[in-house]
Amino acid sequence: MRLIKEIIIDASFGQIRTALLEDGELTEIHVEGQEGHSIVGSIYKGKTENVLQGMQAAFVDIGEERNAFLYIKDVLPNFFSLEDEDIIEPDISYDICDLLKSGQEILVQVVKDPIDSKGARITTHITLPGRYTVLMPTVDYIGISRRIGNEAERNRLKEMVESVKPDNMGIIVRTVAENCNIEKLETDIKFLMGLWQDISNKSNQVSAPKLVHKDMDLFYRTLRDMFTYDTERLIVNEESFFNKALEITNNISPTLLDRIKYFNKSYDIFGYYNIDEKLEKLLGKKIWLKSGGYIVIEQTEALTVVDVNTGKYIGGKNLKDTALKTNIEAAREIAGQLRLRDIGGIIIIDFIDMEDEEHQNLVIEVMKNALKNDRSKSCIWGITHLGLLEMTRKKVVPSKEDKMLSHCPYCMGSGKIISSETMIKLIEKDLKKLLLHEKGTKNIKIEVHPEIKKNLVGYLKYIDIVAKTESANISMSSNNSLQKDKYNIILKK
């Protein structure tokens with residue numbers, strides 16, 4: 001059954017937000033503002049700073065805040081192939097020191113944004129995406145997207161590309177090119193060739209480090225990469241961007257013009273399509289399943305862990321049946337959440353224990369099917385002896401959690417604050433330190449958050465003991481302005 005796809009674009013307050021809905025469900029959300037925009041796809045003339053033989057990699061100054069990371073496989077010419085617009089890593093023994101020297105100027109492209117403390121990941125294998133094709137100026141290669149499954153169509157496209165492909169350059173045919181004619185392919189390739197010529201000329205005229213080519217903004221990329229023939233409509237809420245969408249689409253896919261709609265209502269477009277409500281799922285760690293079970297998603301710098309629980313689900317015939325039904329529902333939800341949150345890297349999923357190998361394989365198959373519409377490549381490695389499913393998903397940009405949430409300055413990103421037991425010990429320590437330096441009768445007031453004061457009621461007797469020992473009058477009061485993990489100790493003269 002074909003999915004009904006809609007793209008909703010909110011262009012307001014200097015920010016572009018694009019949402020992809022499939023059968024009314026939010027499956028992708030992308031945000032780009034004046035700050036924190038992605039540099040993936042941008043091309044730089046960089047200067048090699050350090051060549052590290054032990055890591056078979058180099059750090060390259062591209063003019064950004066942190067040096068970019070260049071691995072040996074991203075330097076080797078003509079020793080890699082491409083499939084479905086993804087590089088397949090080669091198994092070749094070369095030394096990075098034979099290929100790069102410190103101070104060397106090289107043309108590189110960003111393939112992964114800076115994430116956390118790591119700089120951008122770069123490659124010397126330049127790729128320039130168009131509407132129907134991707135131009136690879138540094139390799140001689142022809143590739144057809146794996147998503148085009150019909151073998152006759154694949155052969156037809158390959159024959160057409162062979163007749164228009166530039167000498168000593170590579171072309172990948174994108175999924176959207178299925179059933180298109182040679183004129184569209186040729187026009188696309190000519191445009192990309194002109195773009196490459198401009199990039200080459202600019203690169204020869206500047207000194208490193210320097211930005212040579214910036215990839216298109218989110219609005220253009222949405223029209224180029226997401227707005228395809230299986231999209232029912234694209235809706236924009238700002239008139240100038242609506243006109244811009246018509247202009248761009250008229251150049252790349254004029255048959256889609258009637259699917260672009262202008263949202264001229266006065267209220268919020270994301271609110272109208274209930275997208276803001278759906279975004280709440282993106283920000284929470286716990287996601288409830290319809291059956292009553294739930295999953296918990298925890299992201300760390302190294303990997304993401306997903307835990308599956310039965311929760312309120314009381315089960316079916318037996319424990320095996322309960323585990324299987326919960327795990328199947330969880331697998332579909334997890335696949336959707338990985339895509340929605342744009343979680344990449346290593347992912348470990350702790351499904352409810354399944355001793356039956358047939359059940360394990362069924363859950364894996366459900367997971368694979370649920371990931372088919374995901375534009376980011378993923379790979380499921382199987383279930384370990386501990387019952388953990390291991391998988392990876394291509395990580396290109398920071399996850400949506402990193403973009404939409406900031407680390408809490410109070411809990412230092414842990415998501416937790418000190419307990420009442422720890423609080424009373426800290427208060428006792430500060431009290432004794434204060435009383436040690438004060439002579440005579442002391443009047444002291446301790447202020448805490450009202451909720452914390454309730455939790456500390458059982459500990460007040462220990463404060464009374466301190467008061468009697470030190471000849472002090474100590475009282476505790478509530479202060480609504482205090483955070484739950486903070487307190488004030490006030491000495492009254």
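1. Basis of the values. Residues are numbered from 1 along each chain as its sequence is written, and side-chain values use heavy atoms, with hydrogens and water left out. In this predicted model, local features need pLDDT of at least 70 and side-chain atom pairs count only at pLDDT 80 or more, whereas totals for chains, interfaces and linings use all residues.

2. Overall dimensions and content. The chain holds 13 helices and 26 strands; helices (H or I, at least four residues) and strands (E, at least two) are DSSP runs, numbered from the N terminus. Along the principal axes, the C-alpha atoms occupy a box of roughly 95 × 65 × 55 Å. Of the 493 residues, 43% are buried, where buried means under 20% relative accessible area, exposed over 50%, and partly exposed in between (1.4 Å probe, protein chains only).

3. Among contacts in the chain with a separation of 6 or more, 66% involve residues 24 or more positions apart; contact means heavy atoms within 4.5 Å. The accessible surface is about 26500 Å², and carbon and sulfur atoms contribute 49% of that area (Shrake-Rupley method, 1.4 Å probe; for residues, only the protein chains shown count as cover). The chain carries 68 positive and 75 negative charges, whose mean positions lie 6 Å apart. Lys and Arg count as positive and Asp and Glu as negative, with His and the chain ends not counted; each charge is placed at NZ of Lys, CZ of Arg, CG of Asp or CD of Glu.

4. A three-stranded sheet. An open sheet has the strand order S25-S24-S26, with mixed pairing. Strands S25 (472-478) and S26 (487-492) each have a single partner strand, so one side of each is left without a neighbour in the sheet. From one strand to the next, the twist averages 20 degrees. Two strands are taken as paired if DSSP finds at least two bridges between them. Strand S24 (residues 442-448) pairs with S25 in the parallel sense over seven bridges, and Ile444 has Ile474 in S25 as its bridge partner.

5. Helices on the sheet. Helix H11 (residues 420-436) packs on the sheet and touches S24, S25 and S26, its direction making about 25 degrees with that of S26. Helix H13 (residues 460-469) also packs there, touching S24 and S25, and its direction makes about 150 degrees with that of S25. Axes are lines fitted to C-alpha atoms, for helices over the stretch in contact, and angles run from 0 to 180 degrees between N-to-C directions.

6. Positive phi values. Asn168, in the loop between helix H2 (151-164) and strand S14 (170-173), has phi near 60 degrees, a positive value in a residue other than glycine. Asn168 is exposed, with a relative accessible area of 59%. Asp342 has phi near 55 degrees and lies in the loop between helix H8 (319-341) and strand S21 (345-350). Asp342 is buried, at a relative accessible area of 13%.

7. Ala208 and Pro209 are joined by a cis peptide bond with omega of about -5 degrees. Pro209 sits in the loop between helix H3 (182-205) and strand S15 (210-213). Leu211 belongs to S15 and is partly exposed, with a relative accessible area of 33%. Not counting residues up to four places away in sequence, Leu211 touches Ser42, Ile43, Tyr44 and Lys202. The C-alpha atoms of Leu211 and Val108 are separated by 9.9 Å, although these residues are 103 residues apart along the chain.
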